[in-house]
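Thanks for coming. I will go through some charged pairs and then some helix packing. Please look at the model on the screen.

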Amino acid sequence: MARKTGQIIGRAPRTWMVRVYVGRDTETRKRKYLNKTIHGGLREAQAHLNRMLGERDLERNLDSSRQTLNQYLDRWIEVCAKPRLRAKSFKDYEGLLRRYVRPQLGMKPLVSVQAFDVQSLYCELLDRGLSARSIRYTHAVLRSALKQAVRWKLLLANPADSVDLPRHARRNVGVLSVEQSRRVSRDDVIGPSRQVNPGVHIILKYPPVVRQISGSRLQRLRGNQALRPHLGRDGAA
C-alpha cells in the first residue's frame with residue numbers, strides 16, 4: 001500500500017500494526033504517522049485502516065484517538081466552559097461530570113464513545129435513583145462538551161445527539177374550586193403578624209378563579225390550622 005496512504009504491518013500471529021500518514025512535522029518536516037495495534041485477522045486490520053483513512057479524509061484529527069474522554073473534558077472545562085460560565089455554574093458543570101460521567105465513561109478513548117455508551121450511562125443513573133431532571137442536566141453538559149469536540153474535528157458526530165432522555169415525572173396537582181376559594185377569608189391568608197401564611201398561593205384579588213396548587217404545596221396548606229376546615233383530604237371543599 002502506498003506510503004502516504006496507510007500500511008498494515010504484521011507484528012505477530014493475529015497482531016497487526018495499522019499505520020496512517022497524517023502529514024509532516026511543522027518543525028522537522030519529517031513524515032508523521034499514527035500507529036494502532038489491532039488484534040485479530042487481516043480483515044479486521046483492513047477494516048480499521050479503511051475507517052481511519054475515511055476519518056482522515058473528512059479532516060478529523062486522528063491524533064485524538066489516543067485521548068480519553070477524561071482528558072478531553074479537562075481541556076474543555078478549562079478552555080471553553082470556564083471563560084463563559086459564572087462561578088456557580090462552572091462548579092455545577094464540574095460536579096455533574098465528576099459524579100455521573102467520568103466514573104463510567106472517563107477512561108474510554110474519546111473517539112470510541114458511542115451513543116449506546118451514553119444511553120447505558122443514563123439508564124444506570126436512573127436505576128441508581130437519580131432524578132430525570134438531574135439526568136437531563138448532566139446530558140446538557142455532556143452534549144455541549146461533545147458538540148465542541150465535533151467543531152474541533154476530534155469527533156465525526158456527537159453521540160449525545162442520538163440518545164433518548166428519561167421523561168419528567170408528572171407532579172400531582174390539587175385544584176381549589178370556585179366555591180372553595182371563596183371560603184378562604186383574608187384572615188385565613190394573613191395571620192396576626194400581618195404576614196402571608198406560608199404555602200398559601202391564592203390571589204385574593206381574583207377569588208373566583210380556580211387556582212392550581214402542586215401536591216407538596218397542597219400538603220402544606222392542609223397543615224395550616226386556619227385553612228384546614230376549608231380543605232378536604234383530596235383538596236375539595
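Which residue forms a salt bridge with Arg143? Asp161 does, and the closest N and O atoms of the two are 2.7 Å apart. Keep in mind that this is a predicted model. The pair links distant parts of the chain, 18 residues apart: Arg143 is in helix 5, and Asp161 sits in the loop between helix 5 and strand 4. Asp161 has 45% relative accessibility, so it counts as partly exposed. Arg143, at 36%, is partly exposed too.

In general, side chains of opposite charge can pair when their charged atoms come close. The whole structure has 6 salt bridges. One of them joins Arg102 to Asp74, with the closest N and O atoms 2.9 Å apart.

Another salt bridge is between Asp92 and Lys88, at 3.2 Å for the closest N and O atoms. Both lie in helix 3, 4 residues apart, which is about one turn of the helix. Lys88 is exposed at 62% relative accessibility, while Asp92 is partly exposed at 36%.

Now the packing. Helix 2 and helix 5 pack at about 95°, their axes 10 Å apart. Angles from 65 to 115 degrees count as roughly perpendicular, so helix 2 is roughly perpendicular to helix 5. Among the contact residues are Trp76 and Cys80 of helix 2 and Leu146 of helix 5. The contact divides into 9 nonpolar, 2 polar and 1 charged residues.

Methods:
Residues numbered from 1 in each chain as written. Predicted model: local features only at pLDDT ≥ 70, side-chain atom pairs only at ≥ 80, totals over all residues. Heavy atoms only, no water. Axes fitted to C-alpha atoms, helices over the stretch in contact; angles between N-to-C directions. Helix = DSSP H or I, 4+ residues; strand = E, 2+ residues; numbered from the N terminus. Parallel < 35°, antiparallel > 145°, perpendicular 65-115°, else oblique. Contact = heavy atoms within 4.5 Å. Nonpolar A, V, L, I, M, F, W, Y, C, P; charged D, E, K, R; others polar. Salt bridge = Lys/Arg side-chain N within 4 Å of Asp/Glu carboxyl O. Buried < 20%, exposed > 50% of the residue type's maximum accessible area, 1.4 Å probe, protein only.
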